[in-house]
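These are my notebook entries on a structure that I examined step by step. I record in each entry what I looked up and what I found.

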Amino acid sequence: MSTRTLVSPAALARPRGRAAYWTVFTGVVALFTLAFLFPVYWMATSAMKSPDEVAETPPTLVPRHWNLGGYTDAWDLMQLPQHLWNTVVQAAGAWLFQLVFCTAAAYALSKLRPAFGKVILGGILATLMVPVQALVVPKYLTVADLPLLHTSLLNDPLAIWLPAVANAFNLYLLKRFFDQIPRDVLEAAEIDGAGPLRTLWSIVLPMSRPVLGVVSIFALVAVWQDFLWPLMVFSDTDKQPISVALVQLSQNIQLTVLVAAMVIASIPMVALFLVFQRHIIAGISAGSTKG
Amino acid sequence: MTKTAARRTASAVPVHPVPAPPPVGGRRRRRLADQARAYGFLLGGLTCFALFSWYPAIRAVVIAFQKFTPGSPPEWVGTANFSRVLHDPEFGAAWRNTLTFTLLALLIGFAVPFVLALVLNELRHAKAFFRVVVYLPVMIPPVVSALLWKWFYDPGAGLANEALRFLHLPTSNWTNGADTALVSLVLVATWANMGGTVLIYLAALQSIPGELYEAAELDGANLLQRIRHVTIPQTRFVILMLMLLQIIATMQVFTEPFVITGGGPENATVTVLYLIYKYAFLYNDFGGACALSVMLLVLLGLFSALYLRLTRSGEEDA
């Protein structure tokens with residue numbers, strides 16, 4: 001059933017080959033468990049130890065007494081509900097703005113033939129060559145004092161939402177997908193009297209669910225994982241997302257409480273991954289072969 | 001470079017036959033209305049690109065030659081920002097650290113995932129388990145992985161030294177030693193980011209036709225020879241692409257040094273992006289920060305251009 005790989009099936013069928021296979025298999029399982037699962041286990045269980053037990057050497061593998069005090073303390077003392085909510089608002093807004101504006105722009109570039117469309121697309125793709133982080137300082141100055149309007153978006157979720165739209169990668173992903181939708185389908189809709197907005201909403205978007213899913217996951221993960229940009233634009237502690245708040249508060253807080261907060265901060269994205277793992281992994285694998 | 005990219009993309013856009021013009025008059029007005037509608041769709045996206053991508057890129061270059069303090073009018077200062085930054089003792093350290101970090105991350109972050117992917121591709125059981133587990137650290141927020149490893153590296157009750165003691169090996173200073181700090185950070189970054197690379201290599205390995213291995217085996221090639229003459233040439237394009245992407249990403253490293261070491265000990269882990277951050281937010285020297293940004297931009301722009309060129313030529317081959 002499976003295709004031929006480096007080692008031939010015949011070699012694996014021999015007793016020696018089979019022994020070698022199972023040795024390697026066990027080794028890899030052990031290695032993966034130790035390298036990737038154990039740190040997560042360690043984090044989740046250490047938060048349930050008492051402050052004294054965490055500092056013990058050699059450490060205990062299993063907490064002597066399981067108590068959720070670390071988690072409840074983190075929730076209350078570090079104002080986690082506030083910071084989690086900030087992160088949710090920032091991520092959800094960035095997702096929505098990206099979905100609306102990137103989809104509209106990609107659709108226009110792909111199907112509506114705007115004048116200078118090629119120049120615009122070139123300008124957008126050129127930003128792929130400009131690494132995001134290298135431009136954070138001038139971007140910060142722009143957000144702090146918007147041209148023409150002369151307002152500041154600092155400490156406002158708009159400082160996350162609007163720059164998120166300028167995502168050439170997602171826009172190009174959408175445009176390439178729209179390019180594959182045959183023109184006859186859209187022309188048929190046009191003959192039936194549908195305008196571009198109606199065509200986009202009732203025909204293009206329902207056909208594009210896979211790519212919209214990919215873009216949505218990219219958009220959410222990007223905001224949740226970001227650190228430098230929110231560190232710059234949210235100086236107000238009450239507005240900070242969880243990543244920034246964790247670092248700011250990590251200095252003077254008990255270890256068990258900090259570790260519990262780290263676990264809580266990881267849960268949403270890990271849960272998202274476990275739910276959509278098949279799509280996410282398939283997306284990464286497919287993206288690579290297409291380039 | 002920008003022009004080439006634009007032209008190449010433009011040529012990739014399929015050209016559709018223009019539909020027959022409507023028989024009635026007012027064709028010109030119709031076209032104008034179509035254009036207005038098209039630009040209506042583009043407006044939001046274009047505004048954001050203009051404000052947060054194109055304008056800052058131009059502004060970085062402009063401010064690099066200015067004395068810039070928010071709230072007061074900027075002054076032209078020529079190349080004073082560049083010379084000030086160049087004479088900063090941290091400048092050399094930051095570039096040296098960034099380049100060493102990139103090189104180490106390339107050595108470790110390239111070799112380990114490739115070998116792992118090779119082995120995983122041979123395993124016929126628990127495939128889903130391996131893929132999920134290796135990608136798990138990627139989904140943990142980078143700040144959390146950084147804080148987690150900071151705790152592991154703790155000289156007191158840190159797990160890293162506990163593990164060494166358990167194995168009766170000499171303990172290490174990890175991030176507290178000037179000569180081990182950078183390598184310790186590379187380990188964190190590799191642990192946290194390796195999942196994506198492994199998955200992409202796996203996909204590339206699966207696209208190698210099995211007949212090539214069969215033919216090589218018939219010609220008497222052993223395992224290592226098959227890797228060398230079949231696997232590596234067949235995945236060369238993906239390897240090169242990922243290497244470039246990784247260089248671009250690791251040259252912008254910030255979170256790990258900021259959270260774990262704060263640039264120390266003795267500037268051993270100050271990176272270029274960290275220095276940019278310091279210039280802007282600690283020294284309030286936006287001119288210096290932009291001068292540094294421009295330097296980083298030019299170098300990374302070269303790598304990015306190379307990357308885009310490669311992916312494009314790869315697409316045309318397919």
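**Entry 1: domains of chain A.** I began with the domain assignment of chain A, which gives domain 1 (9-68) and domain 2 (79-252). I then looked up the separation of the two centres, taken over C-alpha atoms, and noted 39 Å.

**Entry 2: confidence.** I noted that this is a predicted model, and that it scores ipTM 0.91 and pTM 0.88. For chain A the average pLDDT is 89, and 97% of the residues score at least 70. Which elements of chain A have the lowest and the highest mean pLDDT? Helix α1 (residues 9-13) has the lowest, at 82, and helix α13 (residues 228-233) has the highest, at 95. Chain B averages a pLDDT of 85, with 90% of the residues scoring at least 70. Residues 1-15 of chain B have a pLDDT below 50, and this stretch has 19 contacts in the model beyond near neighbours in sequence.

**Entry 3: α2(A) with α5(B).** I next examined helix α2 (residues 15-46) of chain A and helix α5 (residues 127-139) of chain B, whose axes come within 9 Å and cross at roughly 50°. That angle makes α2(A) oblique to α5(B). The crossing of α2(A) past α5(B) is left-handed. Which residues meet here? From α2(A) I listed F32(A), F36(A), L37(A) and V40(A), and from α5(B) I listed F130(B), V133(B), V134(B), L136(B) and P137(B). This contact has nine nonpolar residues, with no polar and no charged ones.

**Entry 4: α8(A) with α2(B).** Helix α8 (residues 158-165) of chain A packs against α2(B) at an angle of about 105°, and the axes are 7 Å apart. I therefore recorded α8(A) as roughly perpendicular to α2(B). L162(A), P163(A) and V165(A) in α8(A) meet G44(B), G45(B), C48(B) and F52(B) in α2(B). I counted the classes in this contact as five nonpolar, two polar and no charged.

**Entry 5: a helix pair within chain B.** I turned to helix α4 (residues 89-122) and helix α10 (residues 223-250) of chain B, whose axes come within 9 Å and cross at roughly 140°. The two helices, α4(B) and α10(B), are therefore oblique to each other. Their crossing is right-handed. In this contact α4(B) uses F101(B), T102(B), A105(B), L106(B), G109(B) and F110(B), while α10(B) uses M243(B), Q246(B), I247(B) and T250(B). These residues divide into six nonpolar, four polar and no charged.

**Entry 6: backbone details.** I kept in mind that most residues other than glycine have a negative phi, and that most peptide bonds are trans. Where does N155(A) lie? I found N155(A) in the loop between α7 (136-144) and α8 of chain A, with a positive phi near 65°. In chain B, a cis peptide bond joins G264(B) and P265(B), with omega about -15°. P265(B) lies in the loop between α11 (255-261) and α12 (272-281) of chain B.

Terms used
Residues are numbered from 1 along each chain as its sequence is written. Chains are lettered from A and ligands numbered from 1 in the order in which they are written. This is a predicted model: local features need pLDDT of at least 70, side-chain atom pairs count only at pLDDT 80 or more; totals for chains, interfaces and linings use all residues. Axes are lines fitted to C-alpha atoms, for helices over the stretch in contact, and angles run from 0 to 180 degrees between N-to-C directions. Helices (H or I, at least four residues) and strands (E, at least two) are DSSP runs, numbered from the N terminus. Angles under 35 degrees count as roughly parallel, over 145 as roughly antiparallel, 65 to 115 as roughly perpendicular and the rest as oblique. A crossing is left-handed if the near helix is turned anticlockwise from the far one by less than a right angle, and right-handed if clockwise. Two residues are in contact if their C-beta atoms, placed from the backbone, lie within 7 Å. Ala, Val, Leu, Ile, Met, Phe, Trp, Tyr, Cys and Pro count as nonpolar, Asp, Glu, Lys and Arg as charged, and the others, Gly among them, as polar. Domain bounds come from an automatic or database domain assignment. pLDDT is the predictor's confidence in each residue, from 0 to 100.
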